[in-house]
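Subject: Structure handover

Hello,

Here is the structure I promised to pass on. Please open it beside this email and follow along.

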Amino acid sequence: MLRIIIYREFLANIITLRFLLGLVICLCLVGANAYVLTQSYEDRLQSYQLAVQTHTDEIRNIKVYSELSYTHRPKADKKPRLMSMLNEGVGERLGNTVEVSYNCVPVRAEQYGSDNPYLVVFRKIDLTLIFQIVISLLALLFSYDTISGAREDGTLSLTLSNPISRGIILLGKYLGGMFSLVLILIMSLLIGLIVILLSPYGTVSASDWARIVLFFLVSLIYVSVFFTLGMLFSSRTNRTATALMLAMFFWVISVLVWPNASSFAVSKLVPIKSDADLTMEGFIDLYAKNKNSDEAASHHRIADLWFNQYDREVNNYAKKRGVSMDFGGMMSSFFGGETIMGKFHGPPEKLPLYHEYLKFKEELRISYADREGRIWQEYLAEYPIRQAKLAHNITRISPASAYASATSILAETDLDSYFRFLQQAKQYRDELIQYLHDQKAFGSEAWYNETAGKKIDTKGIPLFHERPESLSSGIKRASFDISILVLLNVVFFLLTHLLFLRYKVR
Amino acid sequence: MLKYIIKREILDNLLSLRFSLTLILIVIVMTMSSLLFISDHKKAESAYAMSLQENRRQLEQWFKSSSMPWTLWVVFSFNDQKVYKKPSDFAFLADGYDKELPNTFKIRPFEISGPNVELRTNPVLQTFEVPDWSMVIGIIMSFAAIVLTYDVISGDRERGTLKLTMSNPVPRAIILLGKYIGTLVSLLIPLLIGILLNIIIIAVSGVVTLDGSAWVRIGMVSLLSLLYIAGFVSLGIFVSGAVRESATSLIILLLSWAVMVIVVPGVGGVIDSKIVKIPSQEAASIESMNAWKQARDKYLAQYPEMRGIAFGSGHWSPGENLAGPLAAEEARNDVLERYGDAIVRQIRSGQNMIRVSPLGLYKNGVEVLAGTGMIHYDSFMKQVRQYRRILKGVMMDKYPLDPNKAYRDRLGDNEFKMVMDKVEFKSSDIPEFHEKPIVVGDAVKATIWNIFFLSLFLLIFFMGSVVVFLRYDVR
C-alpha cells in the first residue's frame, strides 16, 4: 500500500507544470553556473600555478641563505579546490598565500593573482546558493498542498477510507514528493558534472567524487527540511493559501533575513579591537607620533619584541663576546629579518666569532618569531575569530546557513579549512628550520657570502605541499551542521504526523 | 466604480495573513537596518575624522621639525599624504560594498600609490548583504509583491468573484486598473511605514544631517522603489492573468524572481571578467616603467648636461633639477591612471550587464543616489588625481628656482641655499583633501536611464496584463 501511495504521489507530482518548470530552471541555472564557475576555477588554477612557479623559482635561485630571511622568504600557496564550485565559502576571500620563514610565523594569508581588486562588488554564486534558494523554494511549492490540497480536492477522504494508518499515508506522501525533488537534484547535479568534466582542468579525483556524493546527500537533507516544513504548514491549516503564505514567509526569514541580519548584529554587538596595535604599520604611525622609538615600541607589543627585547639580547651578546660593528652586515632589524650579502670585512681571526654571533642572532630570531606568532594568535582568537564563530553559531539556527556551513566544510572553503592551511604553513616552517639546521646554515659562511667555497644546495630547500583534509575528518566537522538539519527534519515530520492524526478531513 | 474596486482590493489585502506578515517583516528589518546604520556610521565617521587629523598632524610635525629646504624635500618628495574616502551619509540607502572597496591612497606631487584598504571590519567574519534599503526593498519587498499578486486574477477566478465583478457594467480595463492600484497601494503601506520608521530613527539619532539635497536623494530613491515594486506588481498580475492556476502562477513568479533577484546579479562579475579583458597588474607596471624610462631618456637627450645629476634616488632631492623627474613620473602616472580606469571600467561594464535584471537597475540607481559603491570609488579616485595636480601646482609655486637647472653642490651651493631660505612655506599652504560627494543634480541625472528602464519594465508587463485580461476566459 505504501508503495502505491508513493508511486501515485510521485506520478501526480512529475506531470505537473511546476515540476517541469522547476526542472528546467534548475537545469539551466546549474548548467550555466557550472560553466561560469569552471571558467573562474581555470583562471584561479592558472594564477595558482603561476604563483607556485614564481615562488619556487625565487627560492631555488637564492645565492646565500640569508635571502630566506628577508628578501626571498618562501611562500606557502593554497591550491584552489575544484570543489569550491559547490561552495565558495570564505576561503577565497581570506587569501591564499602566506610568507613563511624561520623568522616569520604565518598568521594571515594574502591574495595572489587578483588582477581586479574591486570584484568584491559582485556577489559570488555557487551551487550551494542555487540549491539553497531555488530548490528549497521548490520543496515548499511541492509540499504546501500535500494535505490541505488533497482535502480541498476531496482525494484525502478517499485515501483515508482505505484500511491504512494515517502515518503510512503521510510517509507515502513525503517519500513520493521527495522522489520528485530527488529527480530534479540528481539531474541538475549531473548537468553540472558534465559541464565540469568537459573542461580540460576538471579532473575529479576519487575523494572529490565522494565529496560530490556527500554534497548531494546534504542537499537532500536540506531540501527535505523545507519539504517537511511545507507539510507541517499544510496539515496545520485547512486552507492551502494560508499554508503557502506561512511557508513563504518562513522561507524568506530563514534564507534571506536571518543569515544577513544575525551576522551584522553580532559584528555590532560584540565589539572588536582593531589590530593596529599589532601591525608594523601601526607601529610606524606610533613611532612618527612619538618620535621616541622606545616609548612607541613599549605601546606596541610586536615592535617591543623585536625593537627592544630582541635588540637588547643581541647587543648584550655582542658586547659580551666582543663583536664589533665593522664585521659587516647590520646588527639587527626590528622587522625580524635581514638579508646580508657580501664578504666578511673584519680581521680573519675574528671570522669564527662572527659566525658564532650570526648563529646566535638567527637562532634567537626563531624563538622571537614564535613569540610574535603567539601574540598574533592570542589577538586573533580573542577578537576576530571569537566574533566570527559567534556569528556562525547564531546563523546556524537557520537551515539555510547550516546547509551552507556543511557544504563549505565539504568543499574545504570554510573558516577552519583556512586555519588548517595556516597550520600546515606552520609545519612547513618547522621543516624549513630543520633543513637549515641540517645544512648547518646558521652561522655558516654561505649565510652571507655568495662566493663562499661551498655552494648552497637550493634544490634541497623544502617546498610547501598542502595536504588536503581527509574526508572522514571533513565529515566529522560537518556532522554538527548535518545533525541540525536532520533534527529539523525529524521535528517537522513528527509534528506533521501529530497534526495529521488529528486532522479533520471534511 | 474604479474607486470601489480599489477600496475592495485594499480592504481584502489588509485583512489577509500575507499583508500582516509583510508588514511585520518590513517593520522589523527596516528598524534593525537603521539601528545598524547608526552605529556603523558613527564608527566610520570617527575613524575618518581621526585619519584626517592624524594625517594633518604628521604634516605639521614635518614643518615644525625641519627647515628649508628640507621641508620642501620632505613634504614633496618623501612624505606621503594620505587621502581618505569619506563614508557616505546615505549608506543606509545602499551600502554598495563601500567598506570592502579601497578607501585610501598615499599621495605625493609626483605619484599616487595605492589604492589600499584600511580595514575597520573583521576580515574573518563572513560578509553577507548589508540590510540597507536596496536589500530590504530590492529583495524582500519584491518577494512580498509577488506573494501578494500571484493570485490577483487567477485566485479571483478560482473563488468565483471574478465572474460577479464582470457582471457589472464596467469595462475590463477599469477592473484591471482597480486591481492594480489596489494591490500596489496595499504594498506601499508596509513600504511607506518601513521607510518612515527608518528615516525617523536616523533623523532623531542625528548621525546624519538631512538637508534639502538629502531629501531629494531620499525622494528619488523612494520614487525608484515605487517604480521597482510597481514593476513587480505588474509582472505578478500579468502572470496571474496569463496562467489558469494560481499555483502555476506562483511557481513561475517565484522562479523568475529567484533568477532576476538572486542569480543574475551574481554572475555578472564572472562573465564580465571573461568578456572585458584588462591587462595584468605586472604588465601595467612594466608598461609604466617603460614610459618612465622613455620620458627620462627624452629629457636627458634634451638636457645632456643633466646626465648623472637628474634622476638620483627617490623622486627628487634638494639641488637636483625638478623638471626631469617630474616629466618622467607624469609619463608613468599616465599609464597607471589608464590602467586604473580600465579596471574600474571592467567593473562598471559588469554592473551594466547586471542591469538586465530589475534588481540590477534598481540597486545601481540607489547606489548612484546614495553615492556609494563603485560610483563613489570612481569619483573618489578622480578627486584624488585632481588633488595630486593641485599638490604639484603648490610644489611648482613654491619652488623658487629654475626647475630645469640642477644645483650641484646641493646645500653647499650658496646661491641655492640663499634662495631657498627665503621661501615662505607653511603647512597651511598645502590644501587639505576633503572628498566631495557626488552633486545631487549629477546623481539624479545619472539615474534617468534607470528610471526609464524600470518604467519600461513596468509598462511592458502592465500592457501585457491588459492584453491578457481583455481576452481572459472567466470560467
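**What I found**

Buried residues account for 57% of the 506 residues in chain A. Please keep in mind that this is a predicted model. Chain A contains 16 helices and two strands. Take the contacts in chain A between residues at least 6 apart in sequence: 83% of them join residues at least 24 apart.

**The nonpolar cores**

Start with the largest nonpolar core, which has 176 residues. Which of its residues touch the most other members? They are Trp251(A), Trp133(B), Ile137(B), Phe232(B) and Trp257(B). Helix H7 of chain A, residues 206-236, gives the most to this core, with 15 residues.

Now zoom in on Trp251(A). Leave aside its neighbours within four places in sequence. Trp251(A) is then in contact with Gln132(A), Ile133(A), Ser136(A), Leu137(A), Leu140(A), Phe226(A) and Leu256(A), and also with Phe143(B) and Trp257(B).

There is a second, separate core of 56 residues. Among its members are Val100(A), Val314(A), Leu364(A) and Tyr448(A).

**Two helix pairs**

A word of background first. Two packed helices are described by the angle between their axes and the distance between the axes.

Helix H2 (residues 17-60) and helix H6 (residues 166-198) of chain A have axes that come within 8 Å and cross at roughly 25°. Why is H2(A) called roughly parallel to H6(A)? Because angles under 35 degrees count as roughly parallel, the crossing angle of roughly 25° puts H2(A) and H6(A) in that class. Their crossing is right-handed.

Here is who makes the contact:

- From H2(A): Phe19(A), Gly22(A), Leu23(A), Cys26(A), Leu27(A), Val30(A), Gly31(A), Ala34(A), Tyr35(A) and Thr38(A).
- From H6(A): Ser180(A), Leu183(A), Ile184(A), Met187(A), Ser188(A), Ile191(A), Gly192(A), Val195(A) and Ile196(A).

Sort the residues of this H2(A) and H6(A) contact by type and you get 13 nonpolar, six polar and no charged.

The second pair is in chain B. Helix H12 (residues 358-370) and helix H16 (residues 448-470) of chain B pack at an angle of about 150°, and their axes are 9 Å apart. Angles over 145 degrees count as roughly antiparallel, so H12(B) is roughly antiparallel to H16(B). H12(B) passes H16(B) in a left-handed crossing.

On the H12(B) side, the meeting residues are Pro358(B), Leu361(B), Tyr362(B), Asn364(B) and Gly365(B). On the H16(B) side, they are Asn450(B), Phe453(B), Leu454(B) and Phe457(B). This contact of H12(B) with H16(B) divides into six nonpolar, three polar and no charged residues.

Find Arg56(B) in helix H2 of chain B, residues 17-65. Is Arg56(B) buried or exposed? Its relative accessible area is 13%, so Arg56(B) is buried; the cut-off for buried is under 20%. Not counting residues up to four places away in sequence, Arg56(B) touches Ser427(B), Ser428(B), Ile430(B), Pro431(B) and Glu432(B).

Next is Phe92(B). Look in the loop between strand E1 (81-84) and strand E2 (104-107) of chain B. Phe92(B) is buried, with a relative accessible area of 1%. Its contacts, not counting residues up to four places away in sequence, are Phe37(B), Asp132(B), Trp133(B), Asn198(B), Ile199(B), Ile202(B) and Ile218(B). Ile146(B) is 54 residues from Phe92(B) along the chain, and their C-alpha atoms are separated by 25 Å.

Ala400(A) sits in helix H14 of chain A. Its relative accessibility is 0%, so Ala400(A) counts as buried. Ala400(A) touches Gln132(A), Tyr222(A), Ser254(A) and Val255(A), not counting residues up to four places away in sequence. Ala400(A) and Ile253(A) are 147 residues apart in sequence, and 10.0 Å apart from C-alpha to C-alpha.

Glu412(A) has a phi near 55°, a positive value in a residue other than glycine. Glu412(A) lies in the loop between helix H14 (399-410) and helix H15 (415-438) of chain A. At 6% relative accessibility, Glu412(A) is buried.

Lys440(A) also has a positive phi, near 50°. Its place is the loop between H15 and helix H16 (471-501) of chain A. Lys440(A) is exposed, with a relative accessible area of 63%.

Best wishes

Methods:
Residues numbered from 1 in each chain as written. Chains lettered and ligands numbered in written order. Predicted model: local features only at pLDDT ≥ 70, side-chain atom pairs only at ≥ 80, totals over all residues. Heavy atoms only, no water. Axes fitted to C-alpha atoms, helices over the stretch in contact; angles between N-to-C directions. Helix = DSSP H or I, 4+ residues; strand = E, 2+ residues; numbered from the N terminus. Parallel < 35°, antiparallel > 145°, perpendicular 65-115°, else oblique. Left-handed = near helix turned anticlockwise from the far one by under 90°. Contact = heavy atoms within 4.5 Å. Nonpolar A, V, L, I, M, F, W, Y, C, P; charged D, E, K, R; others polar. Core = buried A, V, L, I, M, F, W, Y, C linked by side-chain atoms within 4.5 Å. Buried < 20%, exposed > 50% of the residue type's maximum accessible area, 1.4 Å probe, protein only.
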